[in-house]
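Have the structure open while you read.

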Amino acid sequence: MREQRHGRRIMMTTEERDAFLGEQRVCRVATVSGDGRPHVTPLWFAWDGSALWLYSIVRSRRWTELAADPRVAVVVDAGEEYGELCGVELTGSVEPVGEAPRTGERQVDGLELAEKVFAVKYGFGEQMFHDGRHAWLRLTPETLSSWDFRKLGGEFRR
């Protein structure tokens, strides 16, 4: 993964980033359609410390676009006022993991942690709920950038 080169003063530490991605509930996923137009959609996700796991409906435009071109950019952000803004941007290519759609009928290497994190985060308890419509995409970031304007301590202009 390429190291962040700009904004180091406000970038999150690894621990801050992992905590932030663990508590935020919605990411925005940017894909590219066949004619080159961008397509951005909100999605629930899980972060395992090294990969972002996207749980997508397999009969969606997003899934179709990623099957044709797996390149993706994902943003997770928070804050209302300028001095509160914080977030993480991840880019790379996704790969499907497990059956599509996911039924949960068989154990899949690598999914155990992602499904447990996801289930706890979104209120399913310790067991992942499989609806036969969603499947997993794993993004192991090629680039990862973060920002936390709260680190400026009020040193910003409007």
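## Charged pairs and a pocket

The side chains of arginine 150 and aspartate 148 pair up in a salt bridge, with 2.8 Å from N to O. Keep in mind that this model is predicted. Aspartate 148 counts as buried, because its relative accessibility is 7% and the cut-off for buried is under 20%. Elsewhere, salt bridges with shared partners link Glu99, Arg102 and Glu115 into one network.

How many salt bridges does the structure hold? The count is 12. Side chains of opposite charge can pair when their charged atoms come close. Here are three of the pairs:

| Salt bridge | N to O distance |
|---|---|
| Arginine 150 and aspartate 148 | 2.8 Å |
| Lysine 116 and glutamate 126 | 3.3 Å |
| Aspartate 131 and arginine 133 | 3.6 Å |

Take the pair of lysine 116 and glutamate 126, whose closest N and O atoms are 3.3 Å apart. Lysine 116 sits in helix α3, while glutamate 126 is in the loop between α3 and β7 (134-139), so their pairing ties together parts that are 10 residues apart in sequence. Lysine 116 has 42% relative accessibility and so counts as partly exposed. Glutamate 126, at 57%, is exposed.

Now for aspartate 131 and arginine 133, which meet in a salt bridge at 3.6 Å. Aspartate 131 is partly exposed, with 30% relative accessibility. Arginine 133 is also partly exposed, with a relative accessible area of 47%.

Is glutamate 99 buried or exposed? Its relative accessibility is 16%, so glutamate 99 counts as buried. Polar atoms of its side chain come up against the backbone: one lies 2.9 Å from the backbone nitrogen of threonine 103, and there is a 3.2 Å distance to the backbone nitrogen of glycine 104. If you skip its neighbours within four places in sequence, glutamate 99 is in contact with Gly104, Glu105, Arg106, Val108 and Ala135.

Some of these names turn up again in the largest pocket, which has a volume of about 180 Å³. Its lining includes Arg102, Gly104, Val108 and Glu115, and also both Lys116 and Glu126. What kinds of residues make up this lining? Five are charged, four are polar and three are nonpolar.

Technical notes. Residues numbered from 1 in each chain as written. Predicted model: local features only at pLDDT ≥ 70, side-chain atom pairs only at ≥ 80, totals over all residues. Heavy atoms only, no water. 1 Å grid on protein atoms, 1.4 Å probe; cavity = no way out; pocket = protein on both sides within 12 Å on 5 of 7 lines; lining within 4 Å. Points joined across faces, edges and corners; volume = space filled by probe spheres on them. Nonpolar A, V, L, I, M, F, W, Y, C, P; charged D, E, K, R; others polar. Buried < 20%, exposed > 50% of the residue type's maximum accessible area, 1.4 Å probe, protein only. Polar contact = N/O pair within 3.5 Å; in protein donor to acceptor, adjacent residues only side chain to side chain. Contact = heavy atoms within 4.5 Å. Salt bridge = Lys/Arg side-chain N within 4 Å of Asp/Glu carboxyl O. Helix = DSSP H or I, 4+ residues; strand = E, 2+ residues; numbered from the N terminus.
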